[in-house]
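Subject: Structure for you to look at

Hi,

Here is the structure I promised. Please open it and keep it beside this note while you read.

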Amino acid sequence: MEELNVLIEHCGLGKVKGAILPVSGGLMHKMFKVQTTTGTYAVKCLNQEIMSRPDVLKNYSEAERLERILEENGIPIVAALSFGDKKMVLMDGKYYYVFPWNEGKITDFNNITSNQCHIAGEILGKIHGIDAKNISPEEPILCNVDFEAFLEDAKAKDSMIAPLLEENMALLVESQNKLNEARNSLPAMRAISNDDMDPKNIMWHDGKAYVIDLECLGYSNPISSCLDLSLQWAGTVNGKFNKDNLEAFFKGYLGAYDNGFRSYDELFGIAYTWIEWLEYNIKRALGMVSTDTNEIKLGEAETNNTISRIKYLASIEGDICSVLRQLPAPDSRAFKTHDDRICYIDLFFEGELNNIPHFEIPGGYHFVPYKSGDKEAWIDIELSAGEILGKAHGEECWQRYFGKAESELPQRMYFIENEVGEKIATATAFYDIHGNGKSGEGQLHWVAIKKEEQGKGLAKPLITFVLGVMKKLGYTSVKIHTQTNTWLACKIYYDLGFHPEANSAAKNRFGWKMVESLTDRRIIS
């Protein structure tokens with residue numbers, strides 16, 4: 001342990017007093033309790049194989065940056081000490097973190113309480129709520145583990161994992177397929193997340209929780225992160241699934257952060273993220289990571305443990321999904337009419353134009369058609385309603401949709417003006433700008449009401465008036481693009497008699513279920 005004596009002095013933490021005590025010899029890193037003349041510390045010695053991987057230092061640096069953000073937001077964490085402007089210490093080719101010693105005990109996997117699950121879910125929700133965003137769809141990272149090739153290698157090396165792989169081959173392939181299907185279906189979101197916040201990484205003292213081992217902090221999809229960690233806290237890791245604990249985790253999570261998404265049961269395949277851990281441990285067991293005997297034995301043990309977890313998950317899938325289907329609906333009162341906190345999913349309504357209801361516009365307001373120079377008024381309205389990100393974005397959207405059709409706008413684009421002549425709302429009777437619309441089908445574009453004018457009974461008169469314009473232009477049907485984060489608009493379209501477009505109902509069912517929950521309407525059920 002001479003290296004730790006040198007490390008402590010190098011960090012300016014005094015001199016070591018007494019024995020250096022191993023706290024854990026984990027599967028990845030090793031931790032020691034060190035008492036010095038200045039205090040008591042926990043020293044983490046980072047696994048050298050892991051530290052040799054490409055981009056690992058970049059990832060750790062990012063985790064340190066995010067750790068500081070969690071500290072600033074009051075998340076209960078045990079943060080590494082900083083030395084200068086860095087937390088990680090490099091000495092003699094090895095990497096270390098030093099923490100102030102905190103009293104407490106790691107979560108007992110065999111005795112996890114519902115209260116602990118509620119607290120853990122709440123902490124994760126608070127982390128996700130710091131900077132959750134809807135993002136542009138990205139290609140999902142899919143698993144492509146060649147289990148057959150691993151089996152052949154295991155047989156050739158007479159490895160003890162060969163019978164395990166052979167016996168469970170069908171299950172492993174099916175689990176990987178379910179994982180990939182779920183990842184393909186995930187809505188595109190990103191949040192700061194601690195995807196390694198399983199029970200072993202929360203410490204308890206006097207009933208309070210403290211998150212430890214934050215090296216895996218990064219950005220990930222909050223939906224998959226929540227589902228994966230909720231199942232671990234509910235006892236799926238050690239074969240002791242407890243539905244009350246799963247309910248408690250989600251209650252804590254949704255109380256701290258709610259993006260409106262509820263179709264967790266249809267993403268159960270995320271539970272098989274263990275496939276990635278299994279792949280790593282198969283490689284360890286086959287000597288592909290290191291030829292060290294102890295490392296190989298650890299790989300063999302974890303291969304066996306991980307396959308057991310996957311088998312257990314498969315056996316309780318129905319029980320888990322039963323709980324997930326009964327999660328409480330989101331509280332619509334907590335969301336604005338246009339709320340970017342809501343998980344974004346594109347939706348399309350459609351319907352005929354032969355029986356459009358009429359709604360009188362409230363007194364003091366009137367309709368006016370577009371005239372040259374109204375672009376700025378249009379941008380101001382869309383910006384106020386939250387439909388665009390800024391004036392530059394508004395200019396970009398205008399050019400994309402209307403730039404080549406401005407001569408048509410006096411017959412298609414309408415505004416509502418208030419009694420002083422200010423344009424405060426707009427909608428356009430348009431068409432598919434890509435030329436993919438059906439014969440006789442128009443599209444209702446860019447419906448928006450200035451924020452301060454919302455809630456005054458203008459939406460239905462605006463929509464039905466412009467749909468009437470569309471009908472006079474010769475269209476017989478309409479397609480209306482909307483999205484989950486304008487959920488109140490969805491309620492209006494449904495109440496006006498429009499229904500989900502067939503392809504949208506099938507492809508975007510997660511979004512329609514969200515709208516049903518928020519509007520208390522049975523739209524596709």
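This is a predicted model: local features need pLDDT of at least 70, side-chain atom pairs count only at pLDDT 80 or more; totals for chains, interfaces and linings use all residues.

Helices here are DSSP runs of H or I with at least four residues, and they are numbered from the N terminus.

Is M1 buried or exposed? M1 is exposed, because its relative accessible area is 52% and the cut-off for exposed is over 50%. Setting aside neighbours within four places in sequence, M1 touches I20 and F32. L164 is another matter. It lies 163 residues from M1 in sequence and 38 Å away in space, C-alpha to C-alpha.

Next, go to helix α11. At its start, a side-chain oxygen of D292 comes to within 3.1 Å of the backbone nitrogen of N294.

Which residues of α11 are buried? They are E295, G299, E300, E302, T303, T306, I307, R309, I310 and L313. Their cover includes α6 (162–167), α7 (169–185), α8 (222–236), α10 (274–285) and α12 (317–324).

Last stop: H445, in strand β16 (residues 441–449). H445 is buried, since its relative accessible area is 8%, and buried means under 20%. Its side chain makes a polar contact with the side chain of Q443, at 3.1 Å. Beyond four places in sequence, H445 is in contact with Y401, A427, T428, F430, Y431 and I433.

Best wishes

Note on methods. Residues are numbered from 1 along each chain as its sequence is written. Side-chain values use heavy atoms; hydrogens and water are left out. Buried means under 20% relative accessible area, exposed over 50%, partly exposed in between (1.4 Å probe, protein chains only). Contact means heavy atoms within 4.5 Å. Helices (H or I, at least four residues) and strands (E, at least two) are DSSP runs, numbered from the N terminus. A polar contact is a pair of N or O atoms within 3.5 Å; within protein, one must be able to donate a hydrogen and the other to accept it, and residues adjacent in sequence count only if both atoms are side-chain atoms.
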